[in-house]
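Please look over the sequence and the model shown below before reading on.

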Amino acid sequence: MNIIDAMKERRSVRTFDGNGINKEQIAQLEKAIDESASPFGGKLTILLRKFNLKDGYKPSTYGMIKGAEDFFLLGIGSDEASSITAGYRFEQVVLKAWQLGLGTCWIAATFKGSDFDRGVEWPEGEELKVICPVGKAEKPSMKEKLTRLTLGSKNRKPFNSLFFYKDFKTAVPENDQFHEALEMLRIAPSSTNSQPWRALVDGDTVHFYYQQKSPASVLDTGIGICHFHETEKFYGHDGSFSKITGVPSPPENWKYLVSYTRTK
Ligand SMILES: Cc1cc2nc3c(=O)[nH]c(=O)nc-3n(C[C@H](O)[C@H](O)[C@H](O)COP(=O)(O)O)c2cc1C
């Protein structure tokens with residue numbers, strides 16, 4: 001499965017088969033962690049840990065997650081760069097897991113952190129902010145179905161309400177060079193499906209903005225930018241990210257994050 005199909009097919013998985021993942025899968029996921037990279041800097045540590053629930057170890061109450069033994073734990077710094085990097089880098093691992101036939105669910109809100117990282121010494125300035133179960137998906141439980149329904153997880157905001165061309169009124173033409181990469185960004189996962197990302201296309205440059213919908217909005221936008229950049233690379237393009245001074249002032253409740261300029 002190529003990365004475009006992985007982005008299109010991925011969904012959050014909250015019900016797992018209860019068997020845990022095997023040594024080979026662990027090795028493949030550890031490799032994906034090692035190979036994940038970010039141009040945004042910041043501080044991020046990704047761990048993969050097995051919790052032996054059969055021995056009575058309960059990592060903590062994590063609500064609707066069922067049948068998972070294996071969890072990624074993310075130690076994330078407190079600055080903006082760390083948040084973008086967490087979204088951008090860990091989504092690479094999430095997509096790799098999907099390509100390996102494994103489901104995941106980013107979790108940033110509904111867990112009590114303490115027990116999950118008992119005994120973990122995070123590097124200075126990092127703390128556990130995200131956990132993510134990983135394993136073979138089982139038919140969704142009623143609870144998971146209800147969660148998806150409540151969050152409207154199947155739905156995404158219309159393309160033309162998120163992305164604009166040259167000004168903040170004009171739609172991005174369908175034949176624009178960035179149309180597909182932005183469409184892949186549009187279908188990315190986000191906390192409570194809030195889709196805080198916004199973008200303005202101007203020639204070979206795309207300016208990324210976000211709306212502050214939750215404490216995870218910058219991280220969410222990092223996830224979206226991961227989808228955007230993976231699409232660029234899949235089609236043989238690449239570019240660089242930078243903060244540009246004097247970018248077009250956005251509508252009132254948008255905040256500027258970073259710009260991408262295609263170089264190839
Ligand atoms: C940063 C982040 C945090 C999330 N936190 C939770 C969570 O605490 N509990 C949960 O059930 N789902 C959580 N999700 C999953 C989202 O609800 C899900 O991605 C969104 O509804 C879209 O659905 P999909 O991933 O199936 O496409 C989170 C997703 C992201 C990206």
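Contact, as the word is used here, means heavy atoms within 4.5 Å. The model is a predicted one, in which local features need pLDDT of at least 70 and side-chain atom pairs count only at pLDDT 80 or more, while totals for chains, interfaces and linings use all residues. Residues are numbered from 1 along each chain as its sequence is written, and side-chain values use heavy atoms, with hydrogens and water left out.

**His-229 and Tyr-260**

Leaving aside neighbours within four places in sequence, His-229 is in contact with Tyr-88, Asp-238, Gly-239, Phe-241 and Tyr-260. His-229 belongs to helix 7, where helices (H or I, at least four residues) and strands (E, at least two) are DSSP runs, numbered from the N terminus. With a relative accessible area of 7%, His-229 is buried; buried means under 20% relative accessible area, exposed over 50%, and partly exposed in between, with a 1.4 Å probe and protein chains only. The side chains of His-229 and Asp-238 are joined by a polar contact of 2.7 Å. A polar contact is a pair of N or O atoms within 3.5 Å; within protein, one must be able to donate a hydrogen and the other to accept it, and residues adjacent in sequence count only if both atoms are side-chain atoms.

Tyr-260, one of the contacts of His-229, lies in strand 9 (residues 254-262) and is buried, with a relative accessible area of 0%. Its contacts, leaving aside neighbours within four places in sequence, include Phe-178, Asp-204, Phe-208, Glu-232 and Asp-238. The side chain of Tyr-260 also reaches the backbone nitrogen of Gly-239 at 3.1 Å. Phe-228 is likewise in contact with Tyr-260, and the C-alpha atoms of Tyr-260 and Phe-228, which are 32 residues apart along the chain, are separated by 9.9 Å.

Ser-190 is found in the loop between helix 6 (179-186) and strand 6 (197-202). Ala-188, Asn-193 and Gln-195 lie in that loop as well. The table gives the relative accessible area of these residues.

| Residue | Relative accessible area |
|---|---|
| Ala-188 | 0%, buried |
| Ser-190 | 14%, buried |
| Asn-193 | 10%, buried |
| Gln-195 | 4%, buried |

Asn-193 has a positive phi of about 55° although it is not a glycine, and Gln-195, also not a glycine, has a positive phi of about 45°. A polar atom of the side chain of Ser-190 lies 2.9 Å from the backbone nitrogen of Gln-195. Not counting residues up to four places away in sequence, Ser-190 touches Gln-195, Pro-196, Trp-197 and Asp-220. Counted in that way, Ala-188 touches Arg-10, Arg-156, Trp-197, Ile-223, Gly-224 and His-227. Ala-188 and Thr-85 are 103 residues apart in sequence, and their C-alpha atoms are 15 Å apart in space.

The domain assignment of the protein chain gives domain 1 (3-146) and domain 2 (159-262), with bounds that come from an automatic or database domain assignment. The contact between them takes 19 residues from domain 1 and 22 residues from domain 2. The centres of domain 1 and domain 2, taken over C-alpha atoms, are separated by 25 Å.

Of the 31 residues that line the largest pocket, the closest to its centre are Ser-12, Arg-14, Leu-151, Ser-190 and Thr-192. On a 1 Å grid over the protein atoms alone, a pocket is an open set of points with protein on both sides within 12 Å along at least five of seven lines, whereas a cavity is a set of points where a 1.4 Å probe fits but cannot get out; lining residues have an atom within 4 Å of a point. Grid points are joined across faces, edges and corners, and a volume is the space filled by probe spheres set on the points.

Helix 1 (3-9), helix 5 (142-151) and helix 7 (217-234) each supply at least two residues of the lining of the largest pocket.

**The cavity**

The structure holds 1 cavity of 30 Å³ or more, and the largest cavity has a volume of about 30 Å³. Among the residues that line the largest cavity are Phe-16, Asp-17, Ile-21, Glu-69 and Lys-136.
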